[in-house]
Amino acid sequence: RKQRIHMDFVESPVYGSAYIKGINNIYEFDAGELSGWMYSVNGVYPNYGVGAYKVKSSDVIKFNYTCNLGADLGARAN
């Protein structure tokens with residue numbers, strides 16, 4: 001918000017999380033059926049939604065766009 005970057009998401013009360021659909025007008029499925037947004041924390045891709053992550057002051061959080069369900073990002077889950 002502070003940087004005025006557009007973000008489109010859906011909250012999921014069932015999972016207590018949020019699903020990122022689009023950032024800066026780049027959306028899931030724009031680059032094919034396996035594309036979308038993933039987030040990493042300190043180089044690791046958590047296996048739960050970003051809204052459920054408890055941020056620590058030393059964390060480095062990055063949002064990355066994948067075209068192949070994370071395989072193209074070298075995504076490793078924890």
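Buried residues (under 20% relative accessible area, judged with a 1.4 Å probe and protein chains only) make up 24% of the 78 residues in this protein. The model is predicted, so local features need pLDDT of at least 70 and side-chain atom pairs count only at pLDDT 80 or more, while totals for chains, interfaces and linings use all residues. Residues are numbered from 1 along each chain as its sequence is written, and side-chain values use heavy atoms, leaving out hydrogens and water.

**Overall build**
- The protein has zero helices and five strands; here helices are DSSP runs of H or I with at least four residues, and strands are runs of E with at least two, numbered from the N terminus.
- Along the sequence, the pattern reads β-β-β-β-β.
- The radius of gyration, taken over C-alpha atoms, is 13 Å, close to the 12 Å from the globule rule (2.2 Å times the number of residues to the power 0.38), so the protein is as compact as a globular protein of its length.
- Its C-alpha atoms fill a box of roughly 35 × 30 × 30 Å along the principal axes.

**Pockets**
- Rolling a probe the size of a water molecule over the atoms shows where empty space is left.
- On a 1 Å grid over the protein atoms alone, a pocket is an open set of points where a 1.4 Å probe fits, with protein on both sides within 12 Å along at least five of seven lines; lining residues have an atom within 4 Å of a point.
- The largest pocket holds about 240 Å³ of space, a volume being the space filled by probe spheres set on the points, which are joined across faces, edges and corners.
- Of its 13 lining residues, Y19, W37, M38, Y39 and G49 lie nearest the centre, and strand 2 (17-23) and strand 4 (36-41) are the elements that give two or more residues to the lining.
- That lining has 11 nonpolar residues, two polar and no charged ones; Ala, Val, Leu, Ile, Met, Phe, Trp, Tyr, Cys and Pro count as nonpolar, Asp, Glu, Lys and Arg as charged, and the others, Gly among them, as polar.
- The second largest pocket, about 190 Å³ in volume, is lined by R1, I5, H6, M7, F9, A18 and I20.

- Most residues other than glycine have a negative phi.
- N24, in the loop between strand 2 and strand 3 (26-27), has a positive phi near 55 degrees.
- L69, in the segment after strand 5 (61-66), has a positive phi of about 50 degrees.
- L69 counts as exposed (over 50%) because its relative accessibility is 64%.
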